[in-house]
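Biologist: Please show me the model. I want to ask what the terms rest on.

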Amino acid sequence: EIRPPAAGELNRPTRPTRHQVPGVRNERNYRISDTDGIGEGPPRQKYRQNVAAIRTLRTIEAQSRPATAEEKAVLVRYTGWGAMPQVFDPRNYEWREARAEVEQLLTPEELESARATTLNAHYTSPTVVRAMYGALARFGFEHGRILEPACGIGHFIGLMPEGMHRHSAITGVEIDPLTARIAKALYPDADIRAQGFENAQLADGFYDVAI
């Protein structure tokens with residue numbers, strides 16, 4: 001018998017996913033905790049964290065090796081430039097030294113991309129991320145093939161519930177090349193693609209969830 005759900009009741013699927021529980025995955029991925037202080041601090045602090053993350057990434061890439069746990073703790077505090085467009089404003093005198101440092105630190109291509117992200121980079125707080133995963137759990141989703149269409153440096157991966165993270169195949173797409181490289185360093189077991197989502201080649205019917 002099919003009946004509509006009662007008030008306050010979710011119409012749960014009888015089979016949360018079509019996949020059997022796979023083996024353990026994503027063991028090298030970073031796991032975000034409250035001690036990371038994601039998104040905390042004034043603009044100057046976030047700026048210093050951005051610079052530290054970029055310098056750390058440069059070291060990792062120059063040595064062609066994975067990031068250490070300590071280095072990942074630096075990388076994960078990268079916030080991007082959406083909250084501080086003044087860094088790229090030549091009319092802003094207070095940020096002139098920061099602007100000069102960034103112009104020296106980034107390649108011309110990275111600098112142009114960073115400027116562009118001030119218009120379309122949006123930060124999602126851990127509170128919101130956890131609430132969205134709470135909703136997925138209520139819908140009955142436990143694990144499967146997960147797509148993050150605009151992953152940034154990967155907070156939706158780092159904050160994914162442990163059971164879901166350990167048994168899911170994860171794909172992230174990020175248009176900003178520098179941001180995507182940080183995501184790859186943080187989450188080497190995820191499939192991170194440095195491209196615009198509109199250009200991503202994704203198989204129809206492959207993913208169970210897009211978040």
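Modeller: Start with helix H5: the face turned away from its buried side carries the exposed residues Thr127 and Ala131. This is a predicted model, with residues numbered from 1 along each chain as its sequence is written. Local features need pLDDT of at least 70 and side-chain atom pairs count only at pLDDT 80 or more, while totals for chains, interfaces and linings use all residues; side-chain values use heavy atoms, with hydrogens and water left out.

Biologist: What makes a residue exposed or buried?

Modeller: Exposed means over 50% relative accessible area, buried means under 20%, and partly exposed lies in between (1.4 Å probe, protein chains only). In H5, Pro126, Val129, Tyr133 and Leu136 count as buried.

Biologist: How do you know that the buried residues of H5 line one face?

Modeller: Look down the helix axis. The buried residues of H5 fall within an arc of 80°, so they line one face. The arc is that of the directions from the axis to the C-beta atoms.

Biologist: Why is H5 called a helix, and what does its span agree with?

Modeller: Helices are DSSP runs of H or I with at least four residues, strands are runs of E with at least two, and both are numbered from the N terminus. H5 takes in residues 126-139, and its 14 residues should span 20 Å at 1.5 Å a residue. The expected span is 1.5 Å times one less than the number of residues. The end C-alpha atoms of H5 are 20 Å apart, so the two values agree. Just after H5, glycine 140 has a positive phi of about 100°.

Biologist: What covers the buried residues of H5?

Modeller: The cover includes helix H6 (155-158), helix H7 (162-166) and strand E4 (209-210).

Biologist: What makes alanine 98 buried?

Modeller: Its relative accessibility is 5%, so alanine 98 falls under the cut-off and counts as buried. Alanine 98 sits in helix H3. Leaving out residues up to four places away in sequence, it touches Arg44 and Tyr47. Contact means heavy atoms within 4.5 Å. The C-alpha atoms of alanine 98 and valine 51 are 9.5 Å apart, though the two residues are 47 residues apart along the chain.

Biologist: Which other residues of H3 are buried?

Modeller: Helix H3 (residues 96-105) also buries Arg99, Val102 and Leu105. Seen down its axis, the buried residues of H3 fall within an arc of 130°, so they line one face too. They pack against helix H1 (43-62) and helix H4 (108-120). Exposed Glu97 and Gln104 are on the face turned away from the buried side of H3.

Biologist: What does the whole chain look like?

Modeller: The chain has eight helices and four strands. Their order along the sequence is α-α-α-α-α-β-α-α-β-α-β-β. The C-alpha trace spans about 70 × 40 × 35 Å along its principal axes. Of the 211 residues, 42% count as buried. Among contacts with a separation of 6 or more, 73% come from residues 24 or more positions apart.
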